[in-house]
Structure formats: structure tokens, C-alpha cells
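Me: Hi! Could you walk me through this one? I'd like to go bit by bit.

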Amino acid sequence: MSGVERAVILRQEECAIFPMTEHDLLEVVEIEESCGLSLWGWDAYQTELKRAEALMLVARRRPPDGSGGRTLRGFIAARVMAGEMHINNVGVLEVFRGRGIGSLLLGVAMSEAARRGGHVAILEVRAGNAAAQSLYRRHGFDVTGRRQQYYRNPTEDALVMCATLE
Ligand SMILES: CC(C)(COP(=O)(O)OP(=O)(O)OC[C@H]1O[C@@H](n2cnc3c(N)ncnc32)[C@H](O)[C@@H]1OP(=O)(O)O)[C@@H](O)C(=O)NCCC(=O)NCCS
């Protein structure tokens with residue numbers, strides 16, 4: 001995958017999906033920390049980026065005037081191997097949530113995973129994370145299992161969710 005896979009106008013702001021690169025990692029780690037996700041950190045993402053099976057994307061605002069600045073809005077980190085897509089982390093900056101950025105990231109990642117031969121997508125989500133579960137359901141995920149007390153800080157069950165990739 002190279003270049004822009006898909007771009008949409010989200011509430012007057014053009015947002016596009018790009019493959020994640022090492023240059024994105026400082027912002028990715030900041031988003032991860034601000035989202036309360038299980039922390040991977042810079043080194044783990046950098047190592048992951050080098051893996052052939054990694055599927056890591058970022059959502060960026062595209063300033064009409066080409067100006068720089070902090071433009072990363074969200075990211076997704078997944079792997080595709082043996083026909084399975086494992087979604088490890090998805091995060092969108094809090095102030096930009098509810099605009100479809102998470103959906104855009106997930107949709108593009110699922111399409112790319114299918115293109116690479118993935119036929120099923122799998123993830124774990126906190127049992128109390130209603131926003132993420134709603135997003136996943138809209139993309140065809142169903143709950144297929146529950147892992148008791150899987151998460152820490154705070155302790156919480158994980159729901160296992162799966163979707164068929166087309
Ligand atoms: C989950 C997350 C990535 C979604 O990003 P987003 O850009 O807001 O996603 P979208 O705008 O595409 O969709 C948000 C969905 O959440 C729903 N939502 C938002 N707040 C909600 C709430 N409090 N309760 C239930 N649903 C909620 C929206 O209605 C929408 O649902 P829909 O897909 O059925 O329309 C974002 O909330 C986030 O970064 N959360 C923190 C990190 C996280 O939990 N990641 C998932 C780990 S498994």
C-alpha cells in the first residue's frame with residue numbers, strides 16, 4: 001500500500017489515510033497516551049513498522065494551503081498473518097472523535113487486510129468501551145468471546161470481537 005488510500009471531507013476538514021512511517025511515531029505515541037490505550041511506546045511501534053505483516057495507518061488532516069503543524073488525528077495498528085487480521089490499537093484524538101475518523105481508519109485497514117489475503121478480523125475491546133464496540137459493530141464485528149479480567153488499570157473483562165473480511 002502506498003500513498004493516499006482514501007480521503008474524505010469530515011466536517012469541513014479534509015482527512016486522508018496514509019501508511020504510518022517512523023516520522024509519525026511521536027504523534028502516534030502522544031495519541032496512544034491520551035487515549036488510555038494499553039501503551040506500546042515509540043520503540044515497540046518502530047519495531048512493529050519493520051514487520052512485513054504489520055498494517056499500520058494514520059489519519060491526517062490535509063491543510064489546503066500545504067502548511068505544516070500537528071496534523072495527525074488518529075491511527076490504527078494491526079497485523080495480517082495466516083489469513084487473519086489482528087487489530088491491536090485504534091485511537092483518535094479526543095477533540096476529533098465522532099467525526100468518522102475511527103470508521104475511516106478501520107474501513108481502510110479492513111480493505112487492505114482483505115487485499116493481503118485476510119479473511120477474518122479479530123480484536124479485543126474493554127467490555128465497558130461502548131464507543132469502540134459501536135464502531136466495530138458497524139463494520140461487521142460480533143462478540144465471539146469474553147476474557148475475564150483481561151485488562152489492568154482498571155481491571156476489566158475483554159470482549160473478543162470478530163468480523164469476516166470481504
Ligand atoms: C474508538 C475510537 C477510535 C472511535 O473513533 P471516532 O473517530 O470517534 O470514531 P467514529 O466517529 O467513526 O465513530 C464513533 C462511534 O462511537 C459512537 N460513540 C461515541 N461515543 C459513544 C458513547 N459514549 N457510547 C456509545 N457510542 C459512542 C458513535 O456514535 C459512533 O458509533 P457508530 O459507528 O455506530 O456511528 C475513539 O473513540 C477512541 O480513540 N477511543 C479511545 C481509544 C479506544 O478506546 N480505542 C479502541 C481500543 S479497542
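Me: Where is Ala-82 found?
Reply: Ala-82 is in the loop that runs between strand 4 (72–81) and strand 5. Helices (H or I, at least four residues) and strands (E, at least two) are DSSP runs, numbered from the N terminus.

Me: And before I go on, what kind of model is this?
Reply: It's a predicted model, where local features need pLDDT of at least 70 and side-chain atom pairs count only at pLDDT 80 or more, while totals for chains, interfaces and linings use all residues. Residue numbers start from 1 along each chain as its sequence is written.

Me: Thanks. What's the phi of Ala-82?
Reply: Phi of Ala-82 is near 50 degrees, a positive value in a residue other than glycine. For background, most residues other than glycine have a negative phi, and most peptide bonds are trans.

Me: Is Ala-82 buried or exposed?
Reply: Ala-82 is exposed, because 9 other C-beta atoms lie within 10 Å. The cut-offs are 20 or more other C-beta atoms within 10 Å for buried, 12 or fewer for exposed, and in between for partly exposed, with C-beta atoms placed from the backbone.

Me: Which other non-glycine has a positive phi of about 50 degrees?
Reply: Gln-149 does, with a positive phi of about 50 degrees. Gln-149 sits in strand 7, and with 9 C-beta neighbours inside 10 Å it counts as exposed.

Me: OK, omega next. Where is there a cis peptide bond?
Reply: Asn-153 and Pro-154 are joined by one, with omega about 0 degrees. Pro-154 belongs to the loop between strand 7 (142–151) and strand 8 (156–164).

Me: Nice. What's the overall picture of the fold?
Reply: The protein has four helices and eight strands, and along the sequence they follow the pattern β-β-α-α-β-β-β-α-β-α-β-β. Of its 166 residues, 30% count as buried.

Me: At what angle do helix 1 and helix 2 pack?
Reply: Helix 1 (residues 25–35) and helix 2 (residues 41–49) pack at about 125 degrees, with their axes 9 Å apart. The axes are lines fitted to C-alpha atoms, for helices over the stretch in contact, and angles run from 0 to 180 degrees between N-to-C directions. That makes helix 1 oblique to helix 2: under 35 degrees would be roughly parallel, over 145 roughly antiparallel, 65 to 115 roughly perpendicular, and the rest oblique.

Me: Which residues make the contact?
Reply: From helix 1 it's Leu-25, Val-28 and Val-29, and from helix 2 it's Gly-41, Trp-42, Tyr-45 and Gln-46. Residues are in contact if their C-beta atoms, placed from the backbone, lie within 7 Å. By class, the contact of helix 1 with helix 2 has five nonpolar, two polar and no charged residues.

Me: Now Glu-124. What is it in contact with?
Reply: Leaving aside neighbours within four places in sequence, Glu-124 is in contact with Arg-147, Tyr-150, Ala-158 and Val-160. Glu-124 lies in strand 6 (residues 120–126) and is partly exposed, with 19 other C-beta atoms within 10 Å.

Me: Last one: how many residues apart along the chain are Phe-18 and Val-58?
Reply: They're 40 residues apart along the chain, and their C-alpha atoms are separated by 5.4 Å. Phe-18 is in strand 2 (residues 13–19).

Definitions and conventions
Two residues are in contact if their C-beta atoms, placed from the backbone, lie within 7 Å. Ala, Val, Leu, Ile, Met, Phe, Trp, Tyr, Cys and Pro count as nonpolar, Asp, Glu, Lys and Arg as charged, and the others, Gly among them, as polar.
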